[in-house]
Amino acid sequence: MHDVSGQAAHHAPPQGFVRKHVFSLDHKVIGKQYYALALVAVLTGMVLSWLMRLHLGWPNLAIPGLHWISKTGAPGNLMTPELYLQLMTMHGTIMVFFVLTTAPFAAFGNFFLPIQVGAEDMPFPRFNMMSFWVTFVAFLVMIASFFVADGPTLGGWTQYAPLSAVGAVAGPGQGSGVVLWAASIGIFCIGQLLGSLNFITTTLDMRAKGMSLMRLPLTAWAWFITSCIGLTAFAVLMPACILLILDHVAGTSFFVASNLVINDQLQPHSGGSTLLWQHLFWFFGHPEVYVAIVPGMGIVSHVLITNMRRPLLSAKVMIASMGAIAFLSYMVYGHHMFVSGMNPFSALAFSFPTLIITIPATIITLLWIGSLYGSKLRINTASLFALGFISMFVSGGVSGFFLAQPSIDIMLHATYFVVGHFHLVMAVAAIFGIFSGTYFWFPKMTGKMMNETLGKLHFWLTFVGAYCIFMPFHYLGIMGNVRRYAQFVDDYLQPVLGVHKFITVAALLTGAAQLIFLYNLIHSHFWGKAAPENPWQATSLEWSIPSPPPFDNFGGKPPVVYHDPYQFGVKGSMGDYIMQDSPEPSPTGD
Amino acid sequence: MAKFFAVTIILIAIGSAIPIVRGTWTQPVDISTHGYEIDHQYHETMWEAGVAFLAAQIILAVFIWKFSNRREDAEIRRLPGGATGLVLAAVLLVGTEVLALGVFGMNAWAKVYFAPPGPGAMPIQAQAGQFAFYFRYPGPDGTFGPLHPDKINEANENFFGLDPVSDPDSKDDIVTAEMAIPVNQEIHLLMHAKDLGHSFYVRELRVQQDFVPGLDVSVHFTATKVGKYEIVCTQLCGLGHYNMKTYLEVMSQEDFDSWLKQQAALQ
Amino acid sequence: MKMKKRYQYRSAPLLLALLLICLGVVILGQKVNAAPPAAGKITGTVKLDGAAPHMKGIDMTKDPYCAKYHASTPAHLENVAVGSGGGLENVVLYLSEGLSATAAAEVPSQKVQVDQKGCQYLPHVIAVDVGQQMEVITSDQTAHNIHPLPDMSTGNIGWNRSQPPGAPPFDSAWKGEEVAIPVKCNIHPWMHGYIAVVKGPYATTDSDGSFTIANVPPGSYTVTAWQEEYGKQTAKVTVAAGTPATADFTFKAK
Amino acid sequence: MVRENMATTVHQPPQIRTRPDPSRLGQGRNGGGNPTRAGGSPRVALDDSSPASRTGIWVAIAAITMTFAAFTSALVVRQGASLEAWHLVLPRILYLNTLILLASSVTLKIARRRFRSFLLGAEGERVAVLRGLYATLALGLLFLAGQYMAWMQLKAQGLYLATNPDSSFLYLFTAVHGLHVLGGLAGLLHAIRQLGRSDLRASTLAATSHYWHFMDILWLYLLFVLWMRL
C-alpha cells in the first residue's frame, strides 16, 4: 500500500525502449498492451472454438496437427472427449477473462479514461503497470497448463466443485491443470483489483477543472461503474481460488463433501460444501457478465451519439440504468443455480431481481433506439458495429426472459439455449462494442485511419455470421440439446446433427472474417493514412489533443471543461458541435 | 448501405422467428402431470419475448432506414415523449410484463417444488457416478438398506456399496442400470451422488435436478405415457459426461411388476 | 518457449550420450539373447475346487452400442472364469523367487496386447514384464477411456486417457512389479480388468486352466499363481534344461 | 509549469517543503477545488493530502473487506454443510497479539500527531515521529511473530491446515491477514524512508495509518468470527 501517494501522476517522459514500451508507466502504453494481450487471447480462443466446432460437426474427423495441442488427448489426431472439454474450458476462460474483461474495460479504459477526465495519467501508474504485467503472467500461467502432464483442466470455465477440487482422480487435467487454472485466475484478480483501484481514483480525483461528474462522457461513467463491480467481484473470486488451490495442494476440504467414492476409492476429504463454490463463483460470475457488457454500453453510447450528431434523450437516465444494472447484478447470481439443489424458495428470491434487471436493460436499449429518431445518423464501420451491438443485445436479452424463470429453467438449464443466450448478449455484443470502439478510437490511439471498406466488409460478415452461429443454439436448446457434450450420442440428438454441421461451417467462416479485421488493424497501423486530430467531429476531451496523444496527454496544460460531453446538433464555430473544452457558449447553456 | 442494413436486420429478425412459429425444433411432448404448467409458462414467455424481440429489431431497422445519411441542414427532431416517455414505457410495459411472468412462473415452480410427494409415492433411489446412473428399488420390504461407501466395488457390480450379508434391508434391494416406472404412479426419486456433481434430466418429464455430493435431494413426478425415454446428465462431470445416460421405461403396472421380478432374479 | 529451446540445446550432448549408452545396452542385451543357457519351461494347470460362483450379468443399457453388441451373447462378469473340467482361466503365473538377476532383467521385445471389444477387456487379465510394452487397442465403435489405478508405492504412475473409435493403438510400460494393477473404463463402469506386472518369465492360464511359462533358465523356483478373487498360491519347482517341469494349482471356491 | 515543478522537486536539497499534491495542480475536484498551487505557508501542509491517495486507500480497504467477507461467508456455509463437531480452543497467545496490534495503532497515532507539529516547522519533532514509526514497525513485527507462535502452538496440538475445518479456517484467516499486515509494514518502511529524505507527505502517512488501523479492525473482526464460530 506504500505507493498510495498521489504524486505518481507526474513522471518524466521515459527514456529507453524498455521504459517506453515494455515496463511503461504511461496509461496509454498500458492500454495498448492490454489491447494486444486481448488480441492474442481472442485469436487463441477463436482457434480453440474452431477445433471444438469441427469436432461437434464431424466427430470422427482427424484434425491434422491436433496432436501438437495435446500429447495424449489426440490419438491419430482424433479428438478425445477429454481434449474437447479441455479446449472448451480454455475457450471459455480465455474469452471471459482475457478478452471480455481486458479489451473493453482494461484496454480502452486505460487509454481513454484519464484523457476523458482531463488527467495526465492515472494516480498510481506503478499499480497500473503491475496490473497489466500481473494479468500477462496470469495469461501465461493459463497457457502453460497446455504443457503440463495431462493438459489443462476440463472442468468448464465455471470450474464446479467437487469435480475441480478432488484432483487428478476425477479425470485428465483435474490435477495440475486445475491448480494452474486457479492460480492464473487468482493472479488475474489481483491485476483487475489494481486496475479498478486506479480507475475509481482517476474518476473521482483526477478530473480536470470544470469536469463535474455529470460532465463525464458515458464511456467514463461505464468504466467507473465497471470498476466498482470489478473491485467487489474479483475480490470475491480470489479467495475462492485460494480455497480451491488449498483443497488441491494442502488436502483441506472446503468444497469436497464426505464419503465421495471415485474409481472405487473413498476420497480422503470430509465435510466440504459443494454449493459453497457455486455461491462464491456466481457471486463473482454474474457481476462479471456486466464487467464485460457495461463498458460496451458506454462505448456504443459514445460512438452512436457522435454519429447521430445529437445527444442521447437523457444521459442521466442512461447512467442511472447502468448503475441500477450494476447494483442489481449482486442480487441475481442465484439464477445460475436454480436446479443445483439450492433451497427452492431462494430460487424465487433470485428470480425476481433477475426479471427486474430487464427494466434498466430495456430502458438503455430504448434510449439508444429512441435517440436514433430524428437524428442525422452517419453510417461508418464504428456506428455499424454500435448498431449491431444493439441488435445483438436485444436478441440475447430476450432469451433472458426464459432463463430468469426457475420453472422454465427446469427445461432450459444447461442446454444450448443458455449457450446461445450468453454468447449473444455477453460475448458477441461485448465484442461488437470492442470492434466499434476500435474503429472509432483507432485514429486517436495510433494516429492512423483504418480502412473503411475492409471495415464494412468485416462488419457484414461478422454480423450475419454471428446470427447464423448463435440463433440456432437457441433452437437446439429448446429441443433439449445439452451443452458441454463432447459428442452427441443421445438418440434424440441424431436429427439435429445437421444443424451442428451448419453452425460449424458458419463459425469457421465468421472466424475467417476476423482475419480481415486483423489485416486491417496491422496494415492501417503501419501504412494507414495519417489521422487528423478529430476525424469524427466528436466533442469529448480525447479529440481535443493530437493523434496520437503526446506523452502527458495535454502538453502540460490541463484542460478546462465548459460543457456537457455531447454538445451536438448546435451551431458551433466548427460546425454542428461544440468541444467540451471550448469556451464558446452553448445554446443549451450546459 | 444503411437501408440495406435495415433490411438485413428485419430479415434476420423474421428469419429467426420462423422456426419458432413453425415449431421446427421444439421440446418433445410432455408426459408428466406437472409439465403442463411449465409448458404453459414457456409459451406465455415465448409470446412476450417474441413480440419484444420483433418490435425492437424492426423499430431499430426502421429508424436506421429513416434517419441515416440525412442532409447536412436537416434538423434534429426529438422523439415525442422523450426519455420520460421511454422510461415510463419500459417500467409500465416491460415491468408489468416481467412481474406477471415472475408471478405465474412462481406458481408453476411452486407446483413442481413446493408440493411434497403424496403418501402413495413410490420411492426409487437414483445414484449418479462417473459416468452412469444406477437405480435401486427397495424390494418387497419397502425399505432401502444403508449405504457403505467403503464397500462400493464396481468390479463386482456393487455400485451402491450395499452389504446384503449384514444388512437385512439390503437383501431384497434391487439394483438396475435402467429406470422403469409404472405409468400414472407418482415416483419419489431420492437422488444420491456417488462421486461428483451430476444431473438428472428427462426432457419429456420436464424434470431436471442436480445430484449434490454430500446432500441427498429428491424430486417427485408422475409419468402419464407408456414409452422409452432418455435420461441424460446435464452437469459437467468429466470426460464421459457426453455419454452418461440411460433409459426411463414407463410401463403398465403389470409389465412393471414382471420387469421388477425379472430384475430381482438377476441380483 | 524460449526457455524450453535453450534447455533443449544445452541438453543435446547429454541426450546424445544417453542414446549411445542405450545403444550399447541393446547390443549387450542381444549378446545375452544370442547365447542363452538351454532354457526349460514350466507347465501345469490351475483348477477350481468346488462349484463355480454365479457370475452376475452386465446390463449395458447405458451404451446402446455395447448393448447391441451383446444382444445375442449376454455379457457377464469375468472375475472367476471356469473352463472345461474346472480349469480356471485368467490366472497369472510368475516366478516369485529363485530368478537370477540377469534373467529377471531380460525384457521380452514383443508387446502384450489388450483389446477393448464389446465394452469388455480382452483378455480380462494380462501379465507383462517390468518395462515390457503393453499395447492398448480398441475394436469398439464407442469411445473408451483406459484408466489403470496402480499402487503408487510400487513406482507405477497411473494414467487416464481415452480412445475414440478408430483411434490407433498406444503403448505403455510399467516401472515396478505389481500384481495386479486394476484397470477400468469410467465411461463404462462395469468394464474392468487387471494388469499383472512381474519380473522374468510369466504365463496366464487359457480357457481350460493350463499354462506354460516358457524359457525358464534351469534352477529351482517358487511359482506364484494369482487369481483376482482367490488371491495367491505358490509352489516350488525345479527346472532342468530341456525337460519341462510341472506345477499344478487348485483354488478353493469360496 | 508542471515540468518545472517536477524539476524543482527532484533537484532541491532535502528540506521540509509543503509540496502541493501535483495531481491537483491546475486541476480540482468536481470542476472546482483550487486550481492554483498551495502557497508558501507551511500550514497548508495540513490539508495538503492527495485526494487520490485518500480515495485510493479507501477503495483498497473496500476491496479487502469484500475479500474477507467472502472468506467468512465461506466459513459459515462450510460449517452449515459439515456434520463433524466444530470445537477448537483458540491459542491464548492470539489475545496477546491483539493487544500488541492495538498498541501499534496507538504508537502510529502518536507518530502522526507529532508529524503534524513537525510539518508546522518543529524540526526537533522528526526524531519523535521516527521513534513512533519504528515503534509501530516493531510492534507490527512482534504481532506477526506472535501469530507464528500461535501456529506453532496449534502444530504442537497436532492441528495442521488440513486437520479439520476449524484449523483450516484458523490458519487461513491468520495467514491472509498476516499477508495484509506485511503490506502495512512495507508502507511504514516507505514512510520512514521518505521521512529520512524529508520527503514524507501528510497524505502518505495518512494513507498508511488508515490502512494500519483498518488492519486492527479487520483482526478484531476475524478474531470475533473465529471465537464465535470455532
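In the predicted model, the domain assignment divides chain A into domain 1, covering residues 26–272, and domain 2, covering residues 533–590. The C-alpha centres of domain 1 and domain 2 of chain A are 37 Å apart. Contact between these two domains of chain A involves 15 residues of domain 1 and 15 residues of domain 2. On the side of domain 1 of chain A that touches domain 2, helix H4 of chain A (residues 81–117) gives the most, with 4 residues. This side of domain 1 of chain A is made up of 7 nonpolar, 3 polar and 5 charged residues.

The largest nonpolar core holds 409 residues, and the members that touch the most others are Ala38(A), Leu367(A) and Ala429(A). H4(A) supplies the largest share of this core, 23 residues. When residues up to four places away in sequence are left out, Ala429(A) touches Ile293(A), Gly296(A) and Leu424(A), together with Phe389(A), Met392(A), Phe393(A) and Gly396(A).

Chain D contains 7 helices and 0 strands. From its N terminus on, the order of elements in chain D is α-α-α-α-α-α-α. Chain D has 230 residues, of which 40% count as buried. Of the contacts in chain D between residues at least 6 apart in sequence, 74% join residues at least 24 apart.

Definitions and conventions. Residues are numbered from 1 along each chain as its sequence is written. Chains are lettered from A and ligands numbered from 1 in the order in which they are written. This is a predicted model: local features need pLDDT of at least 70, side-chain atom pairs count only at pLDDT 80 or more; totals for chains, interfaces and linings use all residues. Helices (H or I, at least four residues) and strands (E, at least two) are DSSP runs, numbered from the N terminus. A residue is buried if 20 or more other C-beta atoms lie within 10 Å of its own, exposed if 12 or fewer, and partly exposed in between; C-beta atoms are placed from the backbone. Two residues are in contact if their C-beta atoms, placed from the backbone, lie within 7 Å. Domain bounds come from an automatic or database domain assignment. Ala, Val, Leu, Ile, Met, Phe, Trp, Tyr, Cys and Pro count as nonpolar, Asp, Glu, Lys and Arg as charged, and the others, Gly among them, as polar. A nonpolar core is a set of buried Ala, Val, Leu, Ile, Met, Phe, Trp, Tyr and Cys residues joined through C-beta atoms within 7 Å.
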